[in-house]
Amino acid sequence: MRSRTLIRLAIALAAIALVSAACGTDDEEAADTTAAPATTAAPATTAPPADEPEPEPEGMSAEDITAAFILVGPVGDAGWNWAHDQGRLFAEEQTGATTLVVESIPENAEAFKEVAVDFIENEGADIIFGTSFGYMDPMEELAAEYPDVIFEHASGYKMNDSNFGNFFGRMYQPRYLSGIAAGAMTQTGQIGYVAAFPIPEVIRGINAFTLGVREVNPSAEVHVNWTFTWFDPAVEGDTASALLEAGADVIAMHQDSTAAGVAAQDAGARWVAYNSDMRNFAPEAFITAPVWHWGPRYARTIEAVAAGTYTPGAYWGGMDDGIVQLAELSADVPGTVADQIAEVAEQIRSGSWDVFTGPINDQDGVEQVAAGETMDDGSMLGMSWFVEGVVGDASP
């Protein structure tokens, strides 16, 4: 294995050991490996006091770091992968690190390991960023195999105590805000949601969106159709069209393509996008979008690795640190609604309120969160039920 981090650390330690020997250190291990012949050894009286601290190796520069990004889809989709690649470019500019990227790597262990090992052994990668949930298990295995390489996984939950961490954002927060906007803009009271996969991340987003919708439009419904895709414009466009034909006049989504927005615009309906500000793809339909800003997180991780201060953890940032935000509202969103969204956004950022604060009932009317209580992170991360107002099956 070739790791520039190890090589530089070894050189730094060797230099320290040589200096210590020249000064007559009483460290037996250093003396055994670096001491000069006995005839040239310094007198014992010149040894530093036993409690004098040993010099520590200096941290690397971020410019010496190589960070590799493995993406599950094409960068040009304006969605999830585009947002991650924008984060990569931001981090590269901010830190001076070398960044590498590969697109459209399937969520299976063999495909992931092949590209990750190539980045490590042939490109000298110090950090591997894996940006899809299905990469989690192979990343865990590689972290054990390459203990001197840092592995950071987006959207997963596994980690170790040395070189494997995970990171994500509280996208449910701007999802809720986008729901307020959608609830104010619907004329039929029926909103369609083009949903990706029935996993907690997606279910949590649907629920947050619906809570926002019903905050301003208590009788509105959010109709969910599953596509079982992350990026398939044909399927996602057809699913949006089916929801529109069934009576929806606003479409929301959880995929990477812009097909749902195009379908909404073609039908004269409105659209809440996702991942990035996609308004240029369907400007007449666009209302707003919950968006990702990965760059600062990537830059901080690179800098921590360079400084030798990296510690793996389970990072779940929110609107307070900017990893998730709401795109600018369309000009026709009423001013009173825009003011309400701004007020709630400030409450979220300040920590005085969060989205899953009760009372919250599930779609069968059973109370899941009592009045005044706020759902804990574990419950949110494992969410498997729909809130009141959702029409559809959370476990199809």
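## A buried ring pair

Phe209 is buried, at 1% relative accessibility (buried means under 20% relative accessible area, exposed over 50%, partly exposed in between, with a 1.4 Å probe and protein chains only). Tyr193 is buried too, at 0%. This is a predicted model: local features need pLDDT of at least 70, side-chain atom pairs count only at pLDDT 80 or more, and totals for chains, interfaces and linings use all residues. Residues are numbered from 1 along each chain as its sequence is written, and side-chain values use heavy atoms, with hydrogens and water left out.

## Aromatic pairs

The count comes to 22 aromatic pairs. Rings of Phe, Tyr and Trp (its six-membered ring) pair if their centres lie within 6.5 Å; planes under 30 degrees apart are stacked, over 60 edge-to-face, and the rest tilted. Tyr193 and Phe209 are edge-to-face, 5.5 Å centre to centre, with 75° between the planes. Tyr193 sits in strand 6 (residues 190–195) and Phe209 in helix 7, 16 residues apart. Helices (H or I, at least four residues) and strands (E, at least two) are DSSP runs, numbered from the N terminus.

Phe386 is buried, at 1% relative accessible area. Trp226 is buried at 15%. Trp226 and Phe386 are stacked: 6.3 Å centre to centre, 10° between the planes. Trp226 lies in strand 7 (residues 221–226) and Phe386 in the loop between helix 12 (377–381) and strand 16 (390–391), so the pair ties together parts 160 residues apart in sequence.

Thr210 is found in helix 7 (residues 200–216). Thr210 is buried, at 1% relative accessibility. Leaving aside neighbours within four places in sequence, Thr210 is in contact with Val222, Val387, Glu388, Gly389 and Val390 (contact means heavy atoms within 4.5 Å).

Asn166 belongs to strand 5 (residues 164–169). Asn166 is buried, with a relative accessible area of 5%. A polar atom of its side chain lies 3.5 Å from the backbone oxygen of Tyr157.

The largest nonpolar core has 119 residues. Such a core is a set of buried Ala, Val, Leu, Ile, Met, Phe, Trp, Tyr and Cys residues joined through side-chain atoms within 4.5 Å. Phe151 is one of those with the most contacts inside it. Beyond neighbours within four places in sequence, the contacts of Phe151 include Ile120, Ile128 and Tyr310.

The chain has twelve helices and 16 strands. Of its 396 residues, 52% count as buried.

How values were computed: Polar contact = N/O pair within 3.5 Å; in protein donor to acceptor, adjacent residues only side chain to side chain.
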